Amino acid sequence: MASAIAPQFPISIASLSLGRASHHDLAEKIHAASAAGFQGVELFYEDIELHAKQYSDNSFEESILKSAKVFKDLCDECNLKVLVLQPFMNYDGLLDPVEHAQQIVKIKLWFKIAKAAGTDLILVPSNFFSEGTTGDDDQIVEDLLEIVELGEKESPQVRFAYEAISWGAHKNTWQQSWKIVKKANHPNLGLCLDTFHIVARTWADVTRESGVRQNASKLLAADLKECAAEVPVDKVFLVQLSDAERLPKPLDAAHEWYNPDFPSNMIWSRNTRVFPYETDRNAYLPIEKIVRSWVYDWGYRGWMSYEVYHRDLSDPSPSIPQDFAERGMKSWEIMVQRLDLDNIGSEKIQS
């Protein structure tokens, strides 16, 4: 399958979005992404962690680094860029100094993994545990600057993309994550913007019958306008795209997926993310509107990456990697055509 070429917008897909590592190995997923026409991949840690278990004669560090190198070699073979290593989870705002120190040890290993895998970017999602954490801005800035400054000493330097996930305990909107990044004021710390998380906090409400908030269109329009006005486009290090299924009934206590220990947005995300335009799979979010605003009003140019989570990714069927890769590329082709992305130059174009 030939890729939809939009020179200003190379397209990537997350390795997890091609099948869970417990059922689908690295090679089949990387080859599926390449065959579909993708130009890059996001490296999910679970992919190399499970792959590393086959090197049982080595130490854990030796095994994980060898696995990361295998991932890089596969990507090089398929002419795919490794866009980011992710997710470095539940780091920001830890109150226990022992837990914090353990995470610092861990990030130093992640620097080695990133280098072995051939990427200089690590994604840090906002902490989704409220217990044992703080939402204090100064503390979170201090935490992020600690790892950013450590990454600055690496060669090549390691950059970080901070992402407010929509079920974050303290930071769950891009406005909150931008406040942190702006206050930190470091060139190697930027934002990750994910269409799912943005829509889940501004437009969608999975606990309502309709799946949509009151005044949703106005809320989203105001949010997009604020983003274009407030955030310098060069402070966005990663853009992720996905849609999600409209559920046939609200995700409340009566729903079969409901779990009081998990936020509704997390449950929705982990089970139902699909690719934009997949209306046959009940996709219903205004993803095109967001991307149009980012490109034409804000002037974003750069990588876009599909990050899809779905219950079917745990299906052991050998066809899963190819199916998801081809569905992703079909979605991208529609987006390129509908937004005329292949004819956009490097300059900012006003709508």
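A residue is taken as buried when its relative accessible area is under 20%, as exposed when over 50%, and as partly exposed in between. These terms are applied below to a predicted model.

Helix H9 spans residues 264–272 and is mostly covered. Seven of its nine residues are buried. The buried residues in H9 are Asn-265, Met-266, Ile-267, Trp-268, Ser-269, Asn-271 and Thr-272. Their cover includes one helix, H7 (195–202). Strands E8 (243–244) and E9 (273–274) also belong to what covers the buried residues of H9.

Ile-290 sits in helix H10, which runs over residues 287–298. Its relative accessibility is 0%, so Ile-290 counts as buried. Leaving aside residues up to four places away in sequence, Ile-290 touches Thr-195, Val-199, Leu-220 and Leu-224.

Glu-142, Glu-146, Glu-149 and Glu-152 form a negative surface patch. One of these residues, Glu-149, is part of helix H5 (residues 137–152). Glu-149 has a relative accessibility of 41%. This value falls between the 20% and 50% limits, and Glu-149 therefore counts as partly exposed.

Conventions
Residues are numbered from 1 along each chain as its sequence is written. This is a predicted model: local features need pLDDT of at least 70, side-chain atom pairs count only at pLDDT 80 or more; totals for chains, interfaces and linings use all residues. Side-chain values use heavy atoms; hydrogens and water are left out. Patches are made of residues with over 30% relative accessible area and no salt bridge: like charges are joined within 9 Å, nonpolar side chains (Val, Leu, Ile, Met, Phe, Trp, Tyr) within 5 Å. Accessible areas come from the Shrake-Rupley method with a 1.4 Å probe; for residues, only the protein chains shown count as cover. A salt bridge is a side-chain nitrogen of Lys or Arg within 4 Å of a carboxyl oxygen of Asp or Glu. Lys and Arg count as positive and Asp and Glu as negative; His and the chain ends are not counted. The place of a charge is taken as NZ of Lys, CZ of Arg, CG of Asp or CD of Glu. Helices (H or I, at least four residues) and strands (E, at least two) are DSSP runs, numbered from the N terminus. Buried means under 20% relative accessible area, exposed over 50%, partly exposed in between (1.4 Å probe, protein chains only). Contact means heavy atoms within 4.5 Å.
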